[in-house]
Amino acid sequence: MLLGAAGCTTPIELDVPGGYEPRLAVDSKFTPDSLWSVRLSQSAPYFSDLVPPEAYLVTEAAVVVAGEDGFREALVHVGEGDFRSALGSRPVPEVRYTLTANAPGLPPVRASSIVPAVDAALIDIEEIVAPADHDPGAYVIRLNLHDAPGPHRYSVKMDMLDWVCYDERGFLSTSENTDSATWYRNLVLFTSDLPSMRDYVFQVADASEPFVPEQFYGEAYFSDDLFDGETLEIALEATSENPTALSPHFRILLRSWSDALWRHEESVDRYYLNEGPFSERPVFVYSNVEDGLGVFGGWSQAAFYVDAEGNAWTEEDLKTGLSYARPCAEEMEEAEETDETG
Amino acid sequence: MYRLSGSLEGRNYESFLDYGPVNASRAPAHHRLDVIAHFTKQVRWGERTFSLGLYNAYNRKNPMLVYPDSDFEGRIRWKKVSVLQLIPAISYQLRF
């Protein structure tokens, strides 16, 4: 009885009629602020032996982007499956683009998408709590968003600058040197008076459902269901996790998403919230790529760079960029020399 | 399975499963042979039956559960769990 009741686990081979047919996976999230770029790879059987992901990159393909405004360009492979514009071409809002990709041995794919324009303006910034030694302070930032008729999906992302350097391990760290490079390392926490704003893309689907987060963590998502075709004033009450010696310099990015990318990100949220890849109800990641996988979509954005006094600033003025960052040890030596020479 | 970047700004790649059509795969077939012999005898007050049998007489490891798992080399393989293989059976019945 004991022998009969004993269980065992053995490896098996599943019968998959017809085998697995790889397909092209398109990874193209485009924005008017960047050159046309498409990354191609091919899907692999889940039970194939592990190989480096690079083995699945597609480096030979005919990739063409065409716009309804007459634009057309064949993208050039620049390495690692990346195909980019060699002519410096960028997407234009409100123009529908079609991507076609043909790679040897794989079914050709086609996708079409459009990024809506975003029409927004910064109204003002108001300090409501002054920053102190251990208090980052709090600010209210007001924006005007002019929504065009029809369904639109938006996100707002907020950063603050901090002085940065590279520590001995090569990781980005906060610098005390006021002449250091700057980067967006100070995460902004904010609340909003817009009731439909949500933490995750998938939560936006039902804007009527009450949702009161304590604070949004750097980025929030919303739709125009409650203000379709109208002009909306949005107030964001912002603070940060850490006080910084650098006077608050905010970057606010207001984005209008393409339908395809929004639906893709919404399904990715649900995919990761699912019980697991082989749960009772698997979640299919949305794709607008015909006969393929992945997504061809993007967003357009309005960017606002404003300091605590309401002055506009530029990344060039404040050496904003990782290419400016130096080792922290160098920064400290320089700071000590400066102190010694007075 | 395929991979896409997790964000527009970064290159943190995420892997997703391309499930394919529903019911596109088949687990191993489930079949077994049950054998039982009944020995019946009429007695003064009724009837008694003594039975001896074997469930799953050829000891097939039928799949009760199929799941993906990785081996010691990190390769992902399907595995099945089988329970209740060869089971002897014995019974004694009285009818009166």
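This is a predicted model: local features need pLDDT of at least 70, side-chain atom pairs count only at pLDDT 80 or more; totals for chains, interfaces and linings use all residues.
Local features are reported at pLDDT of at least 70 and side-chain atom pairs at pLDDT 80 or more, whereas totals for chains, interfaces and linings use all residues. Residues are numbered from 1 along each chain as its sequence is written, chains are lettered from A and ligands numbered from 1 in the order in which they are written, and side-chain values use heavy atoms, with hydrogens and water left out.

Seven of its seven residues are buried, so E2(A) is largely enclosed by the rest of the structure; buried means under 20% relative accessible area, exposed over 50%, and partly exposed in between, with a 1.4 Å probe and protein chains only. One side of E2(A) carries Leu24(A), Val26(A), Ser28(A) and Phe30(A), the other Ala25(A), Asp27(A) and Lys29(A), and both faces are covered. Strand pairing requires at least two bridges found by DSSP. E2(A) pairs with strand E3 (residues 37–42) of chain A in the antiparallel sense over four bridges, and the two form a hairpin with six residues between them. Within this pairing, Leu24(A) stands opposite Gln42(A). E2(A) also runs parallel to strand E20 (residues 293–307) of chain A, to which six bridges join it; here Phe30(A) has Gly298(A) as its bridge partner.

Strand E16 of chain A (residues 219–223) is likewise mostly covered, with five of its five residues buried. Glu219(A), Tyr221(A) and Ser223(A) lie on one side, and Ala220(A) and Phe222(A) on the other. Five bridges pair E16(A) with strand E12 (residues 153–166) of chain A in the antiparallel sense, and Val156(A) has Ala220(A) as its bridge partner.

Turning to charged groups, the structure holds 15 salt bridges over all chains, each defined as a side-chain nitrogen of Lys or Arg within 4 Å of a carboxyl oxygen of Asp or Glu. One of them joins Asp224(A) and Arg153(A), at 3.9 Å from N to O. Asp224(A) lies in the loop between E16 and strand E17 (231–240) of chain A and Arg153(A) in strand E12, so this pair ties together parts that are 71 residues apart in sequence. Asp224(A) is buried, with a relative accessible area of 1%, while Arg153(A) is partly exposed at 24%. Salt bridges that share partners also join Arg39(A), Asp82(A) and Arg84(A) into one network.

Asp147(A), in the loop between strand E11 (138–146) and E12 of chain A, is buried yet has no salt bridge, the nearest side chain of opposite charge being that of Arg153(A), 8.0 Å away. Lys and Arg count as positive here and Asp and Glu as negative, with His and the chain ends not counted. The side chain of Asp147(A) does make a polar contact of 3.5 Å with that of His152(A).

How values were computed
A polar contact is a pair of N or O atoms within 3.5 Å; within protein, one must be able to donate a hydrogen and the other to accept it, and residues adjacent in sequence count only if both atoms are side-chain atoms.
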